[in-house]
Amino acid sequence: MSRTWQPQDGQQLKSLREGAGLERSLFARQSSLSDAQLRELEEGGQGCFYSALIKLSVGRRLLQRLGGELTDPNSQLGSDPDRLPVRS
């Protein structure tokens with residue numbers, strides 16, 4: 001299963017943007033996005049991006065610009081299905 005943009009990613013993005021003192025419309029414009037696209041990333045929804053992969057890529061880039069990174073959606077479950085078990 002491929003990684004998609006998650007609600008916690010949007011919450012992190014919004015928190016970092018607000019913490020940096022950036023208005024949404026200004027940050028969107030500086031990032032070559034529409035206000036609607038940034039709103040979709042932060043608050044959820046779909047339809048402003050051509051594909052889920054593009055949405056994920058744009059969201060990842062914005063998080064990195066603000067000093068953040070994508071969270072591992074499996075960390076809440078305590079395991080990563082793509083990680084091989086370590087033998088001691």
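Which residue forms a salt bridge with aspartate 9? Before I answer, a word on the basis of this talk. The model is predicted, so local features need pLDDT of at least 70 and side-chain atom pairs count only at pLDDT 80 or more, while totals for chains, interfaces and linings use all residues. Residues are numbered from 1 along each chain as its sequence is written, and side-chain values use heavy atoms, with hydrogens and water left out.

Let me begin with the overall picture. The protein chain has four helices and zero strands, where helices (H or I, at least four residues) and strands (E, at least two) are DSSP runs numbered from the N terminus. Of the 88 residues in the protein chain, 30% are buried; buried means under 20% relative accessible area, exposed over 50%, and partly exposed in between, with a 1.4 Å probe and protein chains only.

I turn now to two of the helices. The axes of helix H1 (residues 7-19) and H3 come within 6 Å and cross at roughly 115°; these axes are lines fitted to C-alpha atoms, for helices over the stretch in contact, and angles run from 0 to 180 degrees between N-to-C directions. On the H1 side, the contact (heavy atoms within 4.5 Å) is made by Gly10, Gln11, Leu13, Lys14 and Arg17, and on the H3 side by Leu38, Leu41, Glu42 and Glu43.

Next, the loop between helix H2 (24-30) and helix H3 (35-43), which holds serine 32. Serine 32 is not a glycine, yet its phi is positive, at about 60°. With a relative accessibility of 69%, serine 32 counts as exposed.

This brings me back to the opening question. Aspartate 9 pairs with arginine 3 in a salt bridge, with the closest N and O atoms 2.9 Å apart. By definition, a salt bridge is a side-chain nitrogen of Lys or Arg within 4 Å of a carboxyl oxygen of Asp or Glu, and the count by this rule is eight. Aspartate 9 counts as buried, at 0% relative accessibility, whereas arginine 3 is partly exposed at 22%.

Arginine 24 also deserves mention. Aspartate 35 forms a salt bridge with arginine 24, the closest N and O atoms lying 3.6 Å apart. Glutamate 42 forms a salt bridge with arginine 24 as well, at 3.5 Å between the closest N and O atoms. That pair links distant parts of the chain, with glutamate 42 in helix H3 and arginine 24 in helix H2, 18 residues apart. Salt bridges that share partners join Arg17, Glu18, Arg24, Asp35, Arg39, Glu42 and Glu43 into one network.
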